[in-house]
Structure formats: C-alpha cells, structure tokens
Amino acid sequence: MVPTAYYLVLAAMLFSIGVAAFLIKRNVITIFISIELMLNAVNLTFVAFAHMWHQVSGQIFVFFVMVVAAAEAAVGLAIIISIFRTRQTLNVDEIDLMKS
Amino acid sequence: MQLALFIIFGALALGGALNLLFQRHPINSALSLVVVMMSLAVLYWSLGAEFLAAAQVIVYSGAIMVLFVFVIMLLNAGEEERTHGSRAAYAVGIPGAAAIFCLLSFVFLTERGLGKSNVGGDLGNGVDNIAAVSQMLFTKQLLPFEVTSILILVAILGAVVLARKEQ
C-alpha cells in the first residue's frame with residue numbers, strides 16, 4: 001500500500017525539475033523536452049487521483065492530454081525546424097525577432 | 001510489491017529527470033526523458049491504468065520521442081554554450097523551481113485525506129479497466145474524442161505547412 005501523497009510528491013518533484021530545466025536551458029529543443037516532462041508529471045497526478053477515487057475519468061483525461069501532447073510536439077518541432085532554417089541557430093538568446 | 005515498484009521506478013524517473021537537467025547535449029536530455037517516460041509507464045501500470053501504460057510506451061516514448069530525436073539529428077544540434085542569459089537563468093530558475101516544489105509538496109502533504117488515504121485496494125483486472133475506459137470514451141466522451149481526431153488532423157496539416165520549404 002502506497003499513500004497517494006507519495007505519488008503526488010514524486011509528480012511535484014518531476015514538475016519542479018521540468019520548470020527548472022525550462023528556465024535554465026538555452027537550447028530550444030531542450031526547452032521543448034522539459035515541457036513534455038511537465039506534462040508527464042501532471043499525468044502522474046491524474047492517474048494517482050483516478051486510482052484513489054476509483055474513477056476512470058482521470059484516465060480519460062490523461063488520454064486527452066497525450067493526444068494534445070502529440071499534436072503539440074508535431075507542430076512545435078515543425079516551428080523549430082522553420083526557425084532553424086531562417087536563423088541558423090537553436091539558442092533562445094539569439095531568437096529575438098520580436099524584441100528588437 | 002506496489003511500494004517496491006514505486007521506490008524503484010520513482011527513483012529511476014527522478015534520476016532520469018535530474019540527468020535531463022544536468023546534461024548539456026540535447027540528445028542526452030531526450031534519451032533521459034525516455035527513461036522517465038518508461039518508468040512512469042510502470043507506475044501507471046502499478047496504479048491500475050494498463051491502457052495508459054501501453055499508450056505511454058507507444059505514443060510518448062515510441063512516437064513523440066522518436067520525433068524529437070529525428071529533429072535533433074536533422075538540425076545537428078550541438079552542446080549549448082554558457083551565455084550571459086544562462087547565468088541569469090540559473091540565478092532565477094533554481095530558487096523558482098525549489099519554491100514551486102515546496103509549495104506543491106506542502107499542499108499535498110498537509111491536505112487532509114491525501115496523506116492518510118492509501119491508494120485503494122487491489123490492482124484490478126486489466127480487461128475490466130480497459131473496458132471501463134473505452135465505455136466511457138465511446139459513450140459519454142464521444143464528442144471530445146471525435147474533436148481530438150480533428151485536432152490531430154489540423155496538427156498534421158500545420159506541421160506540413162510549417163516545415164515545408166518556402167517557394
């Protein structure tokens with residue numbers, strides 16, 4: 001028997017690491033990867049709550065999150081390819097078209 | 001049994017996430033994320049979500065991460081260099097993430113009912129679980145399910161349009 005709080009704290013750890021990686025990393029692909037990590041952490045809380053309350057709705061929600069994450073990854077990576085093609089860099093410090 | 005699975009694969013997921021944070025090359029970060037996703041799939045299975053465990057392996061670590069690795073190799077992404085912005089990000093990012101973690105775990109551990117309630121009963125029959133999920137998905141949630149198919153279609157079209165070479 002594992003208390004639900006353990007799963008939630010594990011998810012909180014993964015989410016915080018994702019936030020830290022999102023803020024620290026300078027490579028746009030790695031930033032995108034850390035967004036996926038945060039999505040996974042939230043999915044873990046959904047599954048833990050679904051098991052705690054014996055409801056399938058939480059699992060359905062995770063299913064939809066997965067679908068949206070797949071769509072987001074496809075579009076986001078296409079945007080990254082397009083950025084690299086025009087600016088020849090993946091460093092977010094140099095992608096500042098809207099700043100100047 | 002469940003506690004052992006939780007400790008082993010929770011530690012594996014945490015180690016993978018920390019490795020993602022500390023590696024400098026994007027391909028190493030992507031492969032660490034695969035480790036995190038596979039261990040999360042085991043945790044889903046131990047929580048009685050067999051369908052989601054399979055979908056996690058197939059969709060996340062199978063499809064999405066292959067896409068990431070393809071793009072990293074296509075763009076020939078190298079190690080990231082330290083810049084002025086990255087030092088500022090270290091100064092802000094680590095305390096910020098630690099504050100978020102403290103807030104979340106404080107809520108999770110003090111909220112009444114979460115700390116005391118054990119994760120319920122037996123693991124449940126796999127077939128029953130998938131039957132329940134699909135019954136919910138194809139009756140009550142049919143409209144959202146169909147809308148997601150349109151979302152996927154739009155995403156495919158958008159990806160093709162964005163990544164296409166400009167004429």
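The axes themselves are lines fitted to C-alpha atoms, for helices over the stretch in contact, and angles run from 0 to 180 degrees between N-to-C directions. This is a predicted model, in which local features need pLDDT of at least 70, side-chain atom pairs count only at pLDDT 80 or more, and totals for chains, interfaces and linings use all residues. Residues are numbered from 1 along each chain as its sequence is written, while chains are lettered from A and ligands numbered from 1 in the order in which they are written.

**Helix pairs**

Helices (H or I, at least four residues) and strands (E, at least two) are DSSP runs, numbered from the N terminus. Two helix pairs are described by their axes in the table.

| Helix pair | Angle | Axis separation |
|---|---|---|
| α1(A) and α1(B) | about 10° | 9 Å |
| α2(B) and α3(B) | about 175° | 8 Å |

The helices α1(A) and α1(B) are therefore roughly parallel to each other. Two residues are in contact if their C-beta atoms, placed from the backbone, lie within 7 Å. In the classes used here, Ala, Val, Leu, Ile, Met, Phe, Trp, Tyr, Cys and Pro count as nonpolar, Asp, Glu, Lys and Arg as charged, and the others, Gly among them, as polar. The contact of α1(A) with α1(B) has 14 nonpolar, 1 polar and no charged residues.

Within chain B, helix α2 covers residues 26–46 and helix α3 covers residues 50–75. Their angle makes α2(B) roughly antiparallel to α3(B). Residues of α2(B) in this contact include Pro26(B), Leu33(B), Met37(B), Tyr44(B) and Trp45(B), and those of α3(B) include Glu50(B), Val57(B), Tyr60(B), Phe68(B) and Ile72(B). By class, the contact of α2(B) with α3(B) has 19 nonpolar, 2 polar and 1 charged residues.

**Chain B and the interface**

Chain B has 6 helices and 0 strands. A residue is buried if 20 or more other C-beta atoms lie within 10 Å of its own, exposed if 12 or fewer, and partly exposed in between, with C-beta atoms placed from the backbone. Of the 167 residues in chain B, 28% are buried. Among contacts in chain B between residues at least 6 apart in sequence, 58% join residues at least 24 apart.

The contact between the chains takes 60 residues from chain A and 73 residues from chain B. On the side of chain A that touches chain B, two or more residues come from each of α1 (4–24), α2 (28–53) and α3 (57–87) of chain A. The element that gives the most to that side is α3(A), with 20 residues.

**The largest nonpolar core**

A nonpolar core is a set of buried Ala, Val, Leu, Ile, Met, Phe, Trp, Tyr and Cys residues joined through C-beta atoms within 7 Å. The largest such core has 74 residues, and those with the most contacts inside it are Leu14(A), Ile29(A), Leu37(A), Val47(A) and Tyr44(B). At least two residues of this core are supplied by each of α1, α2 and α3 of chain A and by each of α1 (2–22), α2, α3, α4 (84–110) and α6 (142–163) of chain B. Helix α1(A) gives the most to this core, with 15 residues. Domain 1 (2–124) and domain 2 (125–167) of chain B both give residues to this core, so it lies between them; the domain bounds come from an automatic or database domain assignment. Leaving aside its neighbours within four places in sequence, Leu14(A) is in contact with Leu37(A), Asn40(A), Ala41(A), Ala13(B) and Ala17(B).

**Individual residues of chain A**

Glu36(A) lies in helix α2 of chain A and is buried, with 23 other C-beta atoms within 10 Å. Beyond its neighbours within four places in sequence, Glu36(A) is in contact with Ala69(A), Leu33(B) and Ile64(B).

Ile81(A) belongs to helix α3 of chain A and counts as partly exposed, with 16 C-beta neighbours inside 10 Å. With neighbours within four places in sequence left aside, Ile81(A) is in contact with Val71(B) and Ala163(B).

Gln88(A) lies in the segment after α3 of chain A and is exposed, with 9 other C-beta atoms within 10 Å. Although not a glycine, Gln88(A) has a positive phi of about 60°. Most residues other than glycine have a negative phi.

Key
Parallel < 35°, antiparallel > 145°, perpendicular 65-115°, else oblique.
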